[in-house]
Amino acid sequence: MNHNNYIKLEFPSKSINESFARSTVACFAARLDPTLEELGDIKTAVSEAVTNAIVHAYPDTVGKILLRAKITADNAIEIVVKDNGLGISDIDRARTPMFTTGGEERSGMGFTIMESFMDKLHVRSIPGKGTTVTMRKKFSIRMGGK
């Protein structure tokens with residue numbers, strides 16, 4: 001029997017909501033009994049994905065960000081961050097370290113950071129329609145974790 005558990009949030013693309021999204025996913029992931037390092041990895045990856053949506057998808061307006069997370073039967077968390085913003089015309093270029101469309105104050109390392117902290121990263125985007133970032137991280141089953 002598959003006992004998936006999930007959450008679904010929708011919030012405005014305001015920078016004050018980044019920490020809320022990051023903390024919510026971390027609390028949700030706690031049932032997987034992650035180490036502090038693993039929890040930090042999840043929080044950082046979610047922070048980068050949400051910040052990308054805030055900065056790049058909606059640079060001049062406030063839009064909606066949809067965040068979904070689910071616990072899978074194989075002791076993993078799958079996180080989806082979706083926007084309906086500008087979209088990315090060249091995903092490969094956007095995933096290149098140090099590339100940014102966000103100005104000098106942006107590092108251009110968001111996708112690289114997400115990829116390094118998660119086991120899988122998939123980016124799908126349609127210019128003018130939005131971007132969906134899907135991340136996955138599997139956890140070892142430890143004593144006390146369910």
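The following legends describe close-up views of a predicted model.

**View 1. Overall fold of the chain.** The chain contains 4 helices and 5 strands, where helices (H or I, at least four residues) and strands (E, at least two) are DSSP runs numbered from the N terminus. Along the sequence these elements are arranged as β-α-α-β-β-α-α-β-β. Residues are numbered from 1 along each chain as its sequence is written. Local features require pLDDT of at least 70, side-chain atom pairs count only at pLDDT 80 or more, and totals for chains, interfaces and linings use all residues.

**View 2. Burial, contacts and surface of the chain.** Buried residues (under 20% relative accessible area, 1.4 Å probe, protein chains only) make up 41% of the 146 residues. Among contacts (heavy atoms within 4.5 Å) with a separation of 6 or more, 66% involve residues 24 or more positions apart.

**View 3. Pairing of β1 with β2.** Strands β1 (residues 5-12) and β2 (residues 64-71) are antiparallel and share 8 bridges; pairing requires at least two bridges found by DSSP. Pro12 has Lys64 of β2 as its bridge partner.

**View 4. The β2-β3 hairpin.** Strand β3 (residues 76-83) runs antiparallel to β2, with 7 bridges joining the two. Within this pairing, Ala69 lies opposite Ile79 of β3. The hairpin formed by β2 and β3 has 4 residues between the strands, and Asn75 in the turn adopts a positive phi of about 65°.

How values were computed. Side-chain values use heavy atoms; hydrogens and water are left out. Buried means under 20% relative accessible area, exposed over 50%, partly exposed in between (1.4 Å probe, protein chains only).
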